[in-house]
Amino acid sequence: MEKNELKKLIDTAAGRIPADLCIKNARIVNVFDRSIFDGDIYISGSYIAGFGGNDFPPAKEVFDAGGSYIAPGLIDSHVHIESSHLCPAEFSRLVVPHGTTTVFADPHEICNVCGLDGLDYMLKASENIALKVFLHFPSCVPATPFENSGAVLGAEEIASRIENPRIPALGEFMNYVGVCNADDEVLDKIITAKKAGKVFEGHSPSLFGSGLDAYVAAGALSDHECTTKEEAVERLKRGMYVVLREGTACNNIKGLLPAVTENTFHLCLFCTDDRQPSSIVNEGHIDNNIRIAVKNGLNPLTAITIATLNAANCYGLRDRGAVAPGRFADLILFDDLNDFKVRKVWACGKLVSDEEKYLAKDIIVEPEKVSGKMNVKNFSRERLALKLKSDRVRVIKIIPHEIVTEMTEAKVSRDKDGCWQRNSDDIIKIAVVERHKGTGNVGLGLIQGFGLKDGAIAMSIAHDSHNIIVIGDSDFDMEAAVNCLIEMGGGMAIAKNGKILSSFQHEIAGIMCSKSAFEVAEKIREMKEIARKELSVSNDIAVFMTLCFMALPVIPSLKITDKGLFDVTQFKHVSVEIE
């Protein structure tokens, strides 16, 4: 804030000059003590000046709230913008009408493909938009040493950007094993951030006891990977922020609410993590988290506090998260505490959404250094043949509505050459094709739970290294889907009988596009319908969101990389067959 802006704010608060905007007749949600009071809100430029007085001069502009509630803008404490398939400007268009005015985004998806060019693109592309975007510097690029990604970001790269005020922390430290083992490379990253006064986000599914102590001792601030009350309680006991996640594939709020009490709520946050456009269009964003929490028994004012003040406090931001003097005039208007539906949104004192109509004029930045990222070598149908020494195999088993998987064993059929062939069960083939360094790697495995028949689905969106991931019961169809992605530079494809039924190009790093949010939502909806009707994919599976997480080798228990099947519990590659 400049001196002249501060003087104007003080003079407005004191009633010496007119406010730029007065929102009158509001029922104001006070997140400091979780109460409601009636009053007016006086705004100077981008900031709240105060609540006025009897002899204050008339404001330049007046809006009558008519007794509706006014609360702070909502904050998503952990999100990957890339998972929306959208560039930052279109993401803003999608989430701001739902009341989200600030996000803490980890751009490790695009950084795994493009390195620092990806981070720089996200910083630039999120500058001139209504949504306020903070970016956490990705801590794990690549996520593990057991796969190939498009870049490596170490302590030196962190030091080159970590002083940026829009980078408040290191992103989720998925390599919790490295943290707990005090690996030199990991410690270098953490120390580099600490020297700059920055913290790091946690990511420690199923970690308990002394391992969790070590992780917290290293400086882990939060954890969005809790799925049970027990996990949440152990983290709250150690002073960690527990982040209640409601994404597209991960729905954890209901399971974690029992851990949210009068004594612990101040250490609880909301996030979406990975949420597809159709989920946001149909169900909402952080407003959806609030509705779910309230429906399941949480006090509405507590839910709003979790979605606002708590997130601001977590990252030491005293300029937002509350309706109070000196805070950004990021405000939402709604009529019902229980049926929480946002009608109007102000960002920095400007009306940016009115009855779900987005009013901001955002600037879309050209993806100059982050397009055309496709370097696949020596791929052919023959590379997809899964030759087995035994008919007893390890299988990735999907858990509906989760990204964690189970490792199960099964007996499968083999052809005369000893290669896997589908029988009548629900087991199909899964493969990861390396696309960054031209290694020619193709990792092969088997997966259960999709229900897919007679076709293949491929994506260049595969957390976190974003190689090409493909599932199918026919090498012919899997080859067609992969080749489609190679030809168009990345995206999504569905194949059947050797033909492409549907495809969707993602020109930004193979994981995002510049199309409108609603166009993207509709296209993905159409592709989901095709997957269900033509390939019989189960209705219980968020097909694309689930598939893209099957390549993430830091989420238990069995996943796949371009180097093969990976046992997360042992943190090593394992063979498909059980000899």
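1. Start with Ala509. In this predicted model, Ala509 is buried, with a relative accessible area of 0%. Look for Ala509 in the loop between strand S27 (499-505) and H16. Leaving aside residues up to four places away in sequence, Ala509 touches Ile110, Val113, Cys114, Val370, Ser371, Lys373 and Arg435. Arg414 is another matter: Ala509 and Arg414 are 95 residues apart in sequence and 38 Å apart in space, C-alpha to C-alpha.

2. Next, His463. This residue is placed in the loop between strand S24 (456-459) and strand S25 (468-472). Is His463 buried or exposed? His463 has a relative accessible area of 1%. Buried means under 20%, so His463 counts as buried. The side chain of His463 makes a polar contact with the side chain of Glu109, at 2.8 Å. Glu109 is also in the list of residues that His463 touches, together with Ser83, Asp274, Cys548, Phe549, Ala551 and Leu552; residues up to four places away in sequence are not counted.

3. Now the cavities. The structure holds 4 cavities of 30 Å³ or more. Which residues are closest to the centre of the largest cavity? They are His80, Glu172, Asp274, Phe549 and Leu552, out of 17 lining residues.

4. On to the cysteines. How many disulfides does a search of the whole structure find? The search finds 0. Take Cys484: its nearest cysteine sulfur belongs to Cys513 and is 15 Å away. A disulfide needs the two sulfur atoms within 2.5 Å, so Cys484 is in no disulfide. Cys484 is buried, at 12% relative accessibility. Cys548 is in no disulfide either; the nearest cysteine sulfur, that of Cys250, is 9.6 Å away. Cys548 is buried, with a relative accessible area of 2%.

5. Salt bridges come next. Side chains of opposite charge can pair when their charged atoms come close. The structure holds 30 salt bridges. One of them joins the side chains of Glu225 and Arg245, at 3.1 Å, N to O. This pair links distant parts of the chain, 20 residues apart. Glu225 is in the loop between strand S11 (220-223) and helix H9 (229-237), while Arg245 is in strand S12 (residues 241-245). Both Glu225 and Arg245 are buried.

6. Glu522 and Arg525 form a salt bridge, with their closest N and O atoms 2.7 Å apart. Why are Glu522 and Arg525 separated by about one helical turn? Because they are 3 residues apart in helix H16 (residues 517-535). Glu522 has 33% relative accessibility and counts as partly exposed. Arg525 is partly exposed too, with a relative accessible area of 38%.

7. Last, a network. Salt bridges link Asp213, Glu234, Lys237 and Arg238. Within this group, the side chains of Glu234 and Arg238 meet at 2.9 Å, N to O. Is Arg238 buried or partly exposed? Its relative accessible area is 24%. Buried means under 20% and exposed over 50%, so Arg238 is partly exposed.

Methods: Residues numbered from 1 in each chain as written. Predicted model: local features only at pLDDT ≥ 70, side-chain atom pairs only at ≥ 80, totals over all residues. Heavy atoms only, no water. Helix = DSSP H or I, 4+ residues; strand = E, 2+ residues; numbered from the N terminus. Buried < 20%, exposed > 50% of the residue type's maximum accessible area, 1.4 Å probe, protein only. Polar contact = N/O pair within 3.5 Å; in protein donor to acceptor, adjacent residues only side chain to side chain. Contact = heavy atoms within 4.5 Å. Salt bridge = Lys/Arg side-chain N within 4 Å of Asp/Glu carboxyl O. 1 Å grid on protein atoms, 1.4 Å probe; cavity = no way out; pocket = protein on both sides within 12 Å on 5 of 7 lines; lining within 4 Å. Points joined across faces, edges and corners; volume = space filled by probe spheres on them.
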